[in-house]
Amino acid sequence: MSSAYLQCIEESCQRRQDSKKDTYSCAFCGGALEVKYEFDPFDPEQLRHAWHQRRLSGEPIDRSGVWRFRELIPFIEPGARIISLSEGSTPLVGTRRTGWWAGPVHLTIKHQGNNPTGSFKDLGMTACITRAASRGVRMVACASTGNTSASMAAYAARAGMKALLFVPYRQISAAKLAQALDFGALVIEVGDTFDEAFKLLREIAPELGLYVVNSVNPFRIEGQKTIVAEMMEQRAWRPPDYIVVPGGNLGNASAVGKGLRELKEMGFIEKVPRVVVVQAAGANPFYQMLSTGSPELTPLQNPDTEATAIRIGHPANWKKAQRVLEWTGGFSECVTDEEIFEAKTMLAEDEVGCEPASAATVAGVRKLVRTGKLPWHADIVCVLTGNQLKDTEYI
Ligand code: F0G
């Protein structure tokens, strides 16, 4: 049987953690943690076939676009209760007009807004809440710019857990807040930014014994990484040249990179696409770190963008994301709110609705082609992270 354990990501440490409890930072050096596996021997061809066959099944575990790929995330006991809302199985949409406008490039959209709570967070949340349930957790908590909270509230409700949510005061969209309230989360508005709310949560979580489901929880990353398996399957296992994601707390970039690395190591793909992270110009600490060649990230005190989902000044997962860009030969870009608005308008003309943070990816592609950093006719997948109805005030 495959087995899983938590390991520190710091080069100088890399120590295995005590398997009895789920933690978010290394007990020895305080570094970030990731889930590692000793996989059973497998034949990639057979697994691909099994994953494909499961699409015909009516079983909830097979209908989920995350658990359909369960051999990639073997961190719970076989037969354990899966907390799923049929997440994943999102469309890969061709966008000829937007691709022409942004490039010309061959642009496809992986639309994560088609998830049960309307964002990519559901992939990570099914994994994380399932893990929490397997450990007997009764109460989960997160800080959020809105989507994580809506997702946590929904999955916690399904699992019969209480959900505690920290959001920055008057800074998240009404629609996202409404989702969390509707699913019965206890909402506390605290701090002026996501970073302040998250800092406070991290401080009090150990004392109150809260199980934190932000993307610092390594099991979130495990669920989110399955997006690349699904994307490759939809593309008949032919990787694109680039995968572009918006960057906020940088959990998604970390997950996409981990997924790609494992698929390559396991023999499912030959080539690894470059991962490109696009930030909003007013909330771009990761872009700034890379473009100035700084070894450390300098947090931004007052992140500012209308794309509220990615209004983050101190991304928790910057080290993981930095490694991903190194492994894949990727890079980062930033775009103004005006550029995001233009890209969102173009997508809508192409009949693709999304929330502003998601459109940052397409704005980034356009800018990168114009500045010669992306070649014409490149094969690019942009991950659109959230649904059109997530931020109607913006529209
Ligand atoms: N796009 C959307 C729609 C998001 O909600 C987020 C993050 C991101 C992109 C950035 O992803 O953090 O993995 O780099 N939203 C978090 C939240 C922070 O609380 O909902 P990331």
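Predicted model: local features only at pLDDT ≥ 70, side-chain atom pairs only at ≥ 80, totals over all residues.
Q: How do you know whether the radius of gyration agrees with that of a compact globule?
A: Set the value against the rule. For 395 residues, a compact globule would come out near 21 Å, and the protein has 19 Å, so the two agree. As for its extent, the C-alpha trace spans about 50 × 50 × 45 Å along the principal axes.

Q: What share of the residues counts as buried?
A: The cut-off is under 20% relative accessible area. By that test, 59% of the 395 residues are buried. The accessible surface comes to about 16,200 Å², and 49% of that belongs to carbon and sulfur atoms.

Q: Why is strand E11 called largely enclosed?
A: Strand E11 covers residues 331–335, and four of its five residues are buried, so the rest of the structure largely encloses it.

Q: What makes E10 and E11 a pair?
A: Two strands pair if there are at least two bridges between them. Strand E10 (residues 274–280) and E11 have five, so they pass that test, and they run in the parallel sense. One of the bridge partners is Glu 333 in E11, which goes with Val 278.

Q: Why is Leu 181 called partly exposed, rather than buried or exposed?
A: Buried means under 20%, exposed means over 50%, and partly exposed is what falls in between. Leu 181 has 48% relative accessibility, so it counts as partly exposed. You'll find Leu 181 in helix H6, residues 174–182.

Q: Why are E7 and E8 called edge strands?
A: The open sheet has four strands in the order E7-E6-E5-E8, with parallel pairing. Strand E7 (186–189) and strand E8 (211–212) each pair on one side only, and that puts them at the edges.

Q: How do you know that E6 pairs with E7?
A: At least two bridges are needed, and four join strand E6 (residues 162–167) to E7, with the strands running parallel. Look for Leu 164, which stands opposite Leu 186 in E7.

Definitions and conventions. Residues numbered from 1 in each chain as written. Heavy atoms only, no water. Rg over C-alpha atoms; globule rule 2.2 N^0.38 Å. Buried < 20%, exposed > 50% of the residue type's maximum accessible area, 1.4 Å probe, protein only. Areas by Shrake-Rupley, 256 points an atom, 1.4 Å probe, with all protein chains shown as cover. Helix = DSSP H or I, 4+ residues; strand = E, 2+ residues; numbered from the N terminus.
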